[in-house]
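Q: Can we go through this one together? I'd like to start with how two of the chains touch.

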Amino acid sequence: MNQPRPQWMFSSFLVFFVVHTIQVGVGLPGFQRYVYEPAGNDAWISVILAGISSHISAFFMVKILQRYHSCDLYEIHEHLFGKWLGKAANALYTAYLAMACFIIVINYIDIIQTWLFPTFTSTSLSLILLAVAVYGVLGGIRVIAGFGFISIVLTAWMALLVYFAKPYIQWDQLFPIMDHKLTDILEGARVMSYTLAGFEIVFFIYPYVKEKEKTMRYTHLGLLATTLISLELMVVALLYFEGEQLMKTAWATFTMYKIIQFPFLERFEFLAVSLWMLIIMPNILLYMWASIRGFRRLTGRSQRMGIILVCILILGLSNVFTTRMRIDQLDSVFNQITFFIAFLYPILLYPLVLFKTRTKPDQSATVPAAQGGEAD
Amino acid sequence: MTSRSRLFRLTAVFLTIPLLCACVRGVPIEKMGLIVAVGYDYLPNHKIMGTTTLYQIDPNAKEKVTVLSNTAYTSKGSRNKMNQESSVTLVSGQLRVALYDEKLARQGILNLVDTLARDKDIGSGVYINIAKGRALGILSHRYPEIGNIGTFLYNQNEQNITGEQIISSTLHDFLHDYYAPGQDPAVPCVTRVDNEVHLDEIALFQGDRMVTKIPSRSSFFLKLLRGRFHAGMIELAVDLDGLEAQQKRKGESKHTHSVIDNISSKTKIRLKGQNPPRFHIQVDMYARLQEITSEIELSKPEQVKKLEVQLAKSITNEIENLIRTIQKYNVDPAGFGQKYKASVRGSNLTKDKWRKMFPKAQFQTDVKLTLVRTGVTD
Amino acid sequence: MSSEHDSYLLPLSDSTEELYESIRGEIRNSELTRKQIGTEGIVLSLIYLRTMIDNDLLQRDILAPLLHLLNEMTDLEKIPDVLPVSQLDTIETIDTAVARILQGWVLIHMDGFTDGYAVNIMKYHHRGLSQAETESQIFGPQVAFTESLDINLGLIRQTIMTPNLVTESMQVGLRTQTSISLIYIDGLAFEQNINTFKQRLNSLQIDGVFDTSTIGQLIDDNSYSLFPHLILTERPDRVTASLLEGKIVMMAAGSPYALVGPATFFDFFKATEDHYVRWGMASFIRMLRLVSLAFSTLFTPVYVAALTHHYAVIPSALLVSIVESRSKVPFPPIFEALLLEFIIELLREAGARLPTKVGQTMGIVGGIVIGQAAVQAGFTSNILIMIVALGALSSFTAPSYMMGSAIRIVRFPMIILAGLWGGVGIMAGVCFLILHLLRQTSLDNPYLYPIYPPRISDMKDSMIRLPFSFFAKRTQFTRGADQNRFFSKRYPQHTEIDE
């Protein structure tokens with residue numbers, strides 16, 4: 001199995017930051033109302049259930065990776081399904097990653113256009129985001145992982161800001177607990193998959209992790225951190241908003257930030273929306289990086305070509321999805337896809353991997369080695 | 001070197017394209033008319049009259065405040081018309097106070113409040129007030145001692161809310177209480193008395209329609225019932241029964257007045273029965289005696305105990321009075337319905353259901369008051 | 001150079017006259033002097049470059065003994081015994097004679113002999129040791145390097161006396177032939193770093209270098225970047241401290257600055273003084289510098305963004321004063337800010353170019369005339385003047401002047417981004433900056449080191465400075481073989497209160 005050169009590898013505990021940073025993104029500002037819709041005031045239980053299921057999926061995901069020595073999902077696909085079927089699976093996955101990248105870009109553009117600049121055109125905004133992203137992706141996975149780490153360090157304090165909502169909190173709104181049917185709560189958990197998705201990136205960064213045996217631990221810690229933050233935001237939203245009010249609030253997290261005041265800053269949400277770029281940028285970087293790797297594996301062309309292609313795709317499509325309604329429709333379609341790909345797929349894949357590698361696990365070394373990358 | 005210079009060129013191209021093609025028009029702050037307060041008045045034929053107060057930015061201007069007003073069918077429509085009267089673009093990002101006149105409020109103001117919440121420029125900390133008389137009369141009056149009536153109202157609200165003197169009625173509070181099935185908004189009223197502005201009453205809403213007003217001291221008890229209460233001052237009439245009051249003047253009634261300062265309190269409202277709903281209200285209060293009009297021997301512990309009992313009794317009476325009032329008007333600013341909803345499984349409580357249940361509800365109030373200290377002297 | 005003149009490889013002529021003429025033919029220089037002593041029969045000629053030698057030494061150590069010896073002199077053999085000089089060579093070819101004379105030696109020749117002696121009495125022109133100017137500090141040694149490589153090496157050697165202190169010298173510059181020295185401590189410096197440094201120096205193909213800063217830019221990891229990747233310092237104590245951390249130092253003849261690498265971003269915010277004051281104070285100052293880094297890059301842009309795009313974020317208490325001070329200004333905030341930043345840079349640059357005596361007037365011109373008059377004329381607002389001045393002030397807190405200048409330049413694109421796209425622009429700039437810093441390396445070592453890749457144990461001496469008891473292990477950044485600095489054995493401490 002080809003190990004990447006040591007200078008491109010990073011310590012395993014950065015997996016925690018990568019997993020956490022890619023999960024936290026455009027989902028968190030407004031997931032509350034989608035979960036509230038089916039699950040009502042038990043939405044927080046849905047969040048916990050979704051968190052648990054993300055742990056289960058991640059467990060299988062890392063188990064699959066540990067069956068191989070140092071492979072990413074693209075190599076595993078080709079090993080499992082053979083050359084052509086594997087290529088087809090890779091093509092689908094690459095398209096999924098590029099779409100995830102696009103979803104993040106347009107949702108953040110939508111947030112900026114709603115909260116800061118109604119007249120800012122989508123094209124210019126996506127150009128700005130992509131310009132920064134391309135510069136980062138060209139730096140390779142180490143730079144991207146570093147950016148994820150720094151973005152968490154610089155924005156973690158925002159999770160504590162819900163303290164400002166304290167005078168408006170009504171604990172009664174959480175009760176009675178389990179007032180909804182289990183199916184409703186499970187439906188809420190399914191809707192959460194959009195917010196918690198992203199940890200499938202471990203499939204691709206795994207070859208670059210130094211102490212691979214610790215990947216499992218740090219993946220779970222990252223998932224736990226995300227689950228806790230989502231839970232916090234969900235619970236505070238439930239306490240802060242009345243149900244019907246929450247249903248009318250498109251970005252509950254940002255609306256809660258509206259109440260925050262500092263002596264030097266009257267309206268925190270303006271800062272929060274801008275700062276959110278630090279939070280979504282690692283997502284764009286990671287998804288773009290993973291998708292251009294898929295592109296190179298599929299076509300054998302340089303990753304630069306992949307970058308240009310993904311950028312053109314995002315730029316072109318961001319002009320199509322300009323209204324809230326269309327973006328919402330796309331989000332709900334993506335929600336279904338991501339539920340399958342991030343949550344179900346690793347569990348479905350695991351028996352197959354067991355079957356393929358059952359006799360001599362070391363034979364997986366026959367998987368063709370990836371060409372030495374230029375951009376990573 | 002070639003790969004690096006190619007990379008450099010690529011980045012440069014990516015950075016200059018957005019620079020060339022995108023520019024958001026920004027208006028410098030001094031070119032904008034910053035609205036501090038808006039007021040809406042009732043006009044017949046579904047029309048409203050909007051009044052806005054702006055910051056006066058020219059330091060040399062005589063007046064410290066600019067007031068514009070206009071009539072239209074919607075609030076945004078009136079703002080558009082005002083824009084035509086003004087030399088600067090009117091913007092609402094610095095809005096602090098919204099006033100609605102009583103007549104308008106009795107018709108329902110949800111649309112007007114909702115448009116504030118919908119506007120991304122407006123914060124959710126904007127104070128909602130009801131204007132007794134016309135909002136125009138309050139906003140356009142020339143006060144000799146008030147520079148800008150908008151900022152004055154904002155400071156007045158803020159000061160009284162942080163001092164726990166009146167009920168908090170921010171935009172968020174209003175909408176929250178409106179949407180909550182078991183709760184109704186309560187909003188302070190503003191009156192102009194000659195050249196002064198007073199916050200003296202609390203308007204109680206049924207849904208988004210104002211129903212009645214209660215005196216502003218009732219907000220102490222309302223806040224006690226809402227349970228979000230830290231510190232506040234209240235003047236109470238105390239029955240002197242059983243207290244050894246000295247120097248009792250002849251012909252004086254058996255009452256004395258005392259002021260207590262609520263240090264901390266805990267209110268527990270429990271639902272005891274469902275049909276009709278029966279609530280048990282338990283208030284535990286720690287207070288500080290600020291002033292008392294009769295001289296009572298406070299160094300004697302049993303006297304203090306008795307005073308505590310009498311004060312508690314007086315608070316119980318006031319709470320019960322308040323509950324009677326709100327039941328009479330069938331409004332629930334204290335949020336008993338929320339307690340009901342939280343305690344009853346599968347209630348599916350709606351506003352209509354609660355309106356039918358609330359007047360029949362029964363209440364039992366227990367107040368326990370502890371005087372923590374009586375000042376530096378006994 | 002002189003390979004085509006085969007004649008000069010010939011032995012010296014036995015006639016002084018002829019010799020002098022042939023040397024004159026080679027060194028076409030009017031300062032070439034010939035001094036003859038002695039009467040006929042015994043005539044000694046001294047040939048030298050007047051401007052290259054020390055006249056006092058010539059009189060005391062050469063002329064005086066020679067004159068004393070003159071009467072009993074029959075041949076040259078006694079000369080080495082009587083001259084009290086340390087460097088004396090026998091010269092047999094014209095070629096070496098010329099080379100020595102050019103280096104400031106004196107050629108002693110006697111008529112009738114085909115060899116002579118050369119004595120080194122070169123006068124080395126340099127200034128004396130003086131105080132550090134660009135990196136001045138309150139505590140610690142105050143001396144700075146000078147332009148003399150020998151003195152500088154001596155200064156370092158005087159502090160670090162271990163035999164493991166290695167100096168390797170080489171020549172850079174095809175025409176200037178500048179001698180440079182690579183200094184490191186064997187066992188502390190990482191082999192790979194030394195090789196990288198050497199390789200980059202060896203691959204330099206340039207006709208002349210004049211200062212270590214030029215060499216620094218030439219061997220930099222990314223010459224497009226605004227940020228310095230190698231530390232430039234004039235303080236011997238900083239160099240010795242870096243050597244002990246396992247870093248590699250390069251010094252060049254004629255330059256009072258040492259180049260230290262590999263360096264991290266945070267090294268540029270460290271001063272050696274941080275180790276001379278107690279840890280609380282040192283940590284506070286370090287954090288102050290990093291805060292001022294953020295402050296100086298972001299404060300003016302935030303002001304521009306708030307006033308152009310996000311007026312709603314200004315609290316009401318500030319609003320009135322901001323708007324009133326802005327009310328007379330005819331320009332949009334972005335032009336106002338750029339103009340003021342430009343004026344500040346103008347003042348700084350003019351102040352740096354002027355002699356110190358005149359420089360004081362710059363303060364008056366800048367502070368009173370421009371500052372106050374600009375506000376009164378309605379050119380700018382008071383608040384912005386304050387913000388811009390604070391930003392400039394914070395950029396000067398970086399102990400490295402290079403880093404301070406980089407920060408000041410970064411402000412300008414930030415202001416433009418803020419003026420164009422408000423908060424979004426600022427954040428795009430910040431993201432780009434972070435990515436840029438993440439992509440940088442210093443001699444192939446990560447630039448943002450203790451932050452990324454994160455290593456908690458090395459944060460003890462980066463953004464903060466902990467007490468010395470934490471410093472038993474050396475930083476892992478330089479990956480030296482010997483990790484131990486000292487064994488933190490403390491004198492016995494009582495654990496029980498009052499006993």
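Q: How many residues does the contact take from chain A and from chain B?
A: It takes 40 residues from chain A and 39 residues from chain B.

Q: What area is buried between chain A and chain B?
A: About 3400 Å². Carbon and sulfur atoms give 56% of that area.

Q: How many salt bridges are there between chain A and chain B?
A: The count is 3. In one salt bridge, the side chain of A:Asp172 meets that of B:Lys339, at 2.8 Å from N to O.

Q: And how many residue pairs are in polar contact across that interface?
A: The rule finds 11, with both residues at pLDDT 80 or more.

Q: Which helices of chain A supply at least two residues each to the side that touches chain B?
A: α4 (73-115), α5 (122-137), α10 (243-247), α12 (268-299) and α13 (303-318) of chain A.

Q: Which one gives the most?
A: α5(A), with 6 residues.

Q: What is that side of chain A like by class?
A: It has 22 nonpolar, 8 polar and 10 charged residues.

Q: New topic. What is the mean pLDDT of chain C?
A: It is 85, and 95% of the residues of chain C reach 70 or more.

Q: Which elements of chain C have the lowest and highest mean pLDDT?
A: Helix α13 (residues 356-376) of chain C has the lowest, 76. Strand β9 (residues 248-252) of chain C has the highest, 94.

Q: Where in chain C does pLDDT stay under 50?
A: Over residues 1-7 of chain C. The model has 2 contacts beyond four places in sequence for that stretch. Where pLDDT is low, the predicted coordinates should not be read in detail.

Technical notes
Residues are numbered from 1 along each chain as its sequence is written. Chains are lettered from A and ligands numbered from 1 in the order in which they are written. Side-chain values use heavy atoms; hydrogens and water are left out. pLDDT is the predictor's confidence in each residue, from 0 to 100. Helices (H or I, at least four residues) and strands (E, at least two) are DSSP runs, numbered from the N terminus. Contact means heavy atoms within 4.5 Å. Buried area is the accessible area (1.4 Å probe) that two parts lose on being put together, summed over both. A salt bridge is a side-chain nitrogen of Lys or Arg within 4 Å of a carboxyl oxygen of Asp or Glu. A polar contact is a pair of N or O atoms within 3.5 Å; within protein, one must be able to donate a hydrogen and the other to accept it, and residues adjacent in sequence count only if both atoms are side-chain atoms. Ala, Val, Leu, Ile, Met, Phe, Trp, Tyr, Cys and Pro count as nonpolar, Asp, Glu, Lys and Arg as charged, and the others, Gly among them, as polar.
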